[in-house]
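Hi,

Here is the structure I said I would pass on. Have a look at it first, and then read on for what turned up in it.

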Amino acid sequence: MVGQSNMADDYSLSRVPQEARVPMWEILVIRIGAFTSLSQFILGAFLGYGMSFWDAALASFLGAIILEVVILLIGIAGAREGLSTSMLSRWTGFGKYGSSIIGIVIAVSTIGWFGVQNSVFANGINNALGGALGFPLAAILTGLFVTVIVIFGFKWLGVTAKIAVPGFLLAIAYGIYQVFESHSLPELISSAAPGPALSLGAAATMVAGSFMVGAVLTPDMTRYCRSSKDVLWSTLISVVIGEIIINLIAVLMAHAVKTSDVVTIALQTSGWLGAATVIFATVKINDINLYSASLGFTNIIHALFGKNVNRGLITLIVGIAGTVLSVIGILDQFVNFLVFLGVWIPPIAGIMVVDYFILKRSRKVLDESRKHGELPEVCETWNPVSIVAWALGFGIGYLFQWGIPSINSLVVAGIAYFIGMKVFGATLDSKLNVKMDKAG
């Protein structure tokens, strides 16, 4: 078993013990922080600019249902085993070396979004100060600020969320008050979309796809939950608040201001204080991005080289790298690749859910080791069926644009993995069992 964690390492290569688990509301605050961010507000404003209120509400509801199903299932697995996504994947279809590939994908995606969101955060701070800092200095300060928070692990994510979430919600509440001073609620609800029409299918795709990468990373947070019931309530409430309530508030504001530009919306409803608060709220999602990236890199190094590297040190290195990339502007060209990853990552969840809840290939060794608070002594090296299913799911999601690409890729990968293991599973298990590596 990998040794117990200190504060900065945060159980990155071991189970989170029961005594380190936290009350449901602490997980809830962090998850609300992930949803009540600038990106979520942008999504709601975009829906409002192209749809009527009720159409936007239906799209938000449909997308939220899809997300909650994925989040709940993979979140329960993470809570039950006390493992992050990249570690859990070792015993849910991918094996030790397959999990390192997942770690790379997760790390690249999350460090990329860290850099992109850090640019937004820095621009907001710089503009709020009248350009006194300049973008490069502002980006360095904001990037290092978030990095320091994440070095100290999960507990500090909670502290940040407890400060930023109320500030964000108060700014939104003040914005609603300002909107209703000059517009009535029935007027905004019944008003036509101010911009070009957006179809229901496209809108539902945006809602479900916008947080799908975050859904796959749910175990990074829920491994600190004390029960499956805590997972249910923390995920359900946060999805309702973020994907429905925040979305619809942004829809109403977009109808009132006649634009999808969230900075304009904030300026015209809450003033500069509201704009600064909304942009500062980006830190709540960015610390989670960096946290997941550090867990991914820790798993990669352990799987490939057998080294137990402290997660806090990895966080410092990754945070500096992401900050440098945002300062020099390389990540302006990186967004398309990150969207590409948004179709590449969801198949991971489909395969993990099928393996853990349906095939249950490693449930016996997981159950036995969990009684002792340890990792299983062995795990398969890799599983070619999961790699093929992952590639197939990605190909379908990337090449075919009907429906919701991120959901298509997830479902296709899950089905392909199930069929592949039913056909080839017995043969593969007999061959791979002789290649089992020590997990720790």
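Let me start with a question: is Glu-380 buried or exposed? Glu-380 has a relative accessible area of 9%, so this residue counts as buried. Before I go further, please keep in mind that this is a predicted model.

The side chain of Arg-361 makes a salt bridge with Glu-380, with 3.0 Å between the closest N and O atoms. That pair links distant parts of the chain: Arg-361 sits in the loop between H17 and H18, while Glu-380 sits in the loop between strand E1 (378-379) and helix H19 (384-399), 19 residues apart. Arg-361 has a relative accessible area of 25%, so this end of the pair is partly exposed.

Next, the other charge pairs. The structure has 5 salt bridges. One of them joins the side chains of Glu-81 and Arg-15, at 2.8 Å from N to O. Glu-81 belongs to helix H3 (residues 53-81) and Arg-15 to the segment before helix H1 (24-35), so this bridge ties together parts that lie 66 residues apart in sequence. Both Glu-81 and Arg-15 are buried; for Glu-81 the relative accessibility is 1%.

Glu-81 also forms a salt bridge with Arg-370, again with a 2.8 Å N to O distance. Here the partners are in helix H3 and helix H18, so the parts tied together are 289 residues apart in sequence. Arg-370 counts as partly exposed because its relative accessibility is 29%. Through shared partners, salt bridges join Arg-15, Glu-81, Asp-367 and Arg-370 into one network.

Now for a charged residue without such a partner. Glu-243, in helix H12 (residues 228-257), is buried but has no salt bridge. Which side chain of opposite charge is nearest to Glu-243? That is Arg-31, 8.8 Å away; a salt bridge would need a nitrogen to oxygen distance within 4 Å. Setting aside neighbours within four places in sequence, the residues in contact with Glu-243 include Phe-35, Gln-40, Leu-43, Ser-60, Val-207 and Phe-211.

On to the nonpolar side of things. The largest nonpolar core holds 80 residues, and Ile-348 and Tyr-417 have the most contacts inside it. There is also a second, separate core of 25 residues, which includes Leu-43, Ala-45, Leu-188 and Val-207. Leu-43 and Val-207 are also among the residues that Glu-243 contacts. As for Tyr-417, leaving out residues up to four places away in sequence, its contacts include Gly-93, Ile-351, Val-354, Leu-359, Val-385 and Ala-389, and Arg-361 is one of them as well.

You will find Lys-360 in the loop between helix H17 (346-359) and helix H18 (363-370). With 45% relative accessibility, Lys-360 counts as partly exposed.

Last, a helix pair. Helix H14 (residues 282-305) packs against helix H15 (residues 311-328) at an angle of about 115°, and their axes are 9 Å apart. The crossing is right-handed. On the H14 side the contact includes Leu-290, Tyr-291, Phe-297 and Ile-301, and on the H15 side Arg-311, Ile-314 and Val-318 are among the residues involved.

Cheers

Terms used:
Residues numbered from 1 in each chain as written. Predicted model: local features only at pLDDT ≥ 70, side-chain atom pairs only at ≥ 80, totals over all residues. Heavy atoms only, no water. Helix = DSSP H or I, 4+ residues; strand = E, 2+ residues; numbered from the N terminus. Buried < 20%, exposed > 50% of the residue type's maximum accessible area, 1.4 Å probe, protein only. Lys, Arg positive; Asp, Glu negative; His and termini not counted. Contact = heavy atoms within 4.5 Å. Core = buried A, V, L, I, M, F, W, Y, C linked by side-chain atoms within 4.5 Å. Axes fitted to C-alpha atoms, helices over the stretch in contact; angles between N-to-C directions. Left-handed = near helix turned anticlockwise from the far one by under 90°.
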